[in-house]
Amino acid sequence: MRLALAQLNALVGDLEGNGAAIQAAARRAAAAGADLLLTPELSLWGYPPRDLLLSAALQDRQTRVLGRLVDACPPGLALLVGMAEPITDGHLPALHNAVALVEAEGWRVVCRKQLLPSYDVFDEQRYFRAADEPGLLELERRGRRWRLGLTICEDLWVEQELQGQRLRGVDPVAALADLAPDLLLNLSASPFGRRKVGLRRQLAERAARRLGVPVVYVNQVGGNDELVFDGASFVLAADGARLLQLPHGDERSEEHTSELQSPCNLVCRLLLE
């Protein structure tokens with residue numbers, strides 16, 4: 001299977017514009033022969049959307065934009081798109097921080113965030129409800145059925161001795177172990193911090209070794225208000241070795257293809273939009 005990573009600079013609240021950027025990335029991914037395109041956490045909304053998430057009009061707009069992505073999706077390509085999924089049981093919070101699988105046939109939610117940070121610059125528990133099960137997507141491509149473990153940003157931050165602290169609750173990486181994924185995907189909107197580049201890599205290395213699979217990490221780039229997002233997306237082998245690295249703070253177009261020496265014999269093509 002061939003993956004494409006879109007290290008996007010999303011504008012907060014501009015669902016149509018962000019959707020158009022995802023469409024452009026999808027066209028390039030399809031032209032490069034990709035099977036699956038990854039975009040960052042909440043890629044339709046930009047991060048952090050804060051109280052914009054509470055707008056019913058913007059929720060309706062999200063549904064329309066997802067429909068346009070379906071209509072424009074190249075045949076044979078699937079997209080993983082960060083979105084806010086409404087919950088209709090009458091309880092608050094009434095949203096999941098989620099990932100939708102978008103194909104030419106339609107779209108559906110395939111992953112919901114389990115660990116919701118509400119420290120430092122984050123306030124996700126105000127808007128989102130935590131999921132209680134891991135994300136696993138089975139996708140048939142190139143003559144085989146792939147089992148893709150899905151996590152969203154903080155779901156990878158489960159190593160207390162590395163972080164100095166961690167959110168209480170489930171361990172999304174451990175929860176995936178019994179599901180035997182072929183690789184682990186993480187869609188992030190992780191702001192820049194002095195120690196974060198190395199720490200993210202260490203956390204992903206631990207996850208790769210715990211699951212015995214490659215890890216593909218895609219992060220938002222750009223800035224809004226007081227936050228800067230550095231991108232720096234990467235791919236690690238199952239033993240934690242770095243295979244591919246995207247630039248820091250850069251959206252310029254670039255392509256790189258590499259064989260991942262792993263049990264799933266994955267081919268990755270990384271695309272910058």
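**Close-up views of a predicted model**

**View 1. Helix 5 against the sheet.** Helix 5 lies across strand 8, strand 9, strand 12 (234-236) and strand 13, and runs at about 35 degrees to strand 12. Axes are lines fitted to C-alpha atoms, for helices over the stretch in contact (heavy atoms within 4.5 Å), and angles run from 0 to 180 degrees between N-to-C directions. Helices (H or I, at least four residues) and strands (E, at least two) are DSSP runs numbered from the N terminus. This is a predicted model, in which local features need pLDDT of at least 70 and side-chain atom pairs count only at pLDDT 80 or more, while totals for chains, interfaces and linings use all residues. Residues are numbered from 1 along each chain as its sequence is written, and side-chain values use heavy atoms, with hydrogens and water left out.

**View 2. Helix 5 and its end.** Helix 5 (residues 196-211) has 16 residues and reaches 22 Å from its first C-alpha to its last. That is close to the expected 22 Å, taken as 1.5 Å times one less than the number of residues. Buried residues (under 20% relative accessible area, 1.4 Å probe, protein chains only) in this helix include L199, L203, A207 and L211. Just after helix 5, G212 takes a positive phi of about 70 degrees.

View 3. Six strands form an open sheet in the order 6-7-8-9-12-13, with mixed pairing; two strands pair if DSSP finds at least two bridges between them. Strand 6 (135-141) and strand 13 (242-245) are the edges, each with a single partner strand, so one side of each has no neighbour in the sheet. The twist averages 20 degrees from one strand to the next. Strand 8 (residues 183-188) and strand 9 (residues 215-219) pair in the parallel sense over 5 bridges, and L187 stands opposite V218 in strand 9.

View 4. Leaving aside neighbours within four places in sequence, L37 is in contact with residues including L5, I22, A78 and L79.

**View 5. Two cysteines.** The whole structure has 0 disulfides, a disulfide being a pair of cysteine sulfur atoms within 2.5 Å. The sulfur of C111 is 12 Å from the closest cysteine sulfur, in C153, too far for a bond. C111 is buried at 2% relative accessible area, and C153 is buried at 7%.

How values were computed
Buried means under 20% relative accessible area, exposed over 50%, partly exposed in between (1.4 Å probe, protein chains only).
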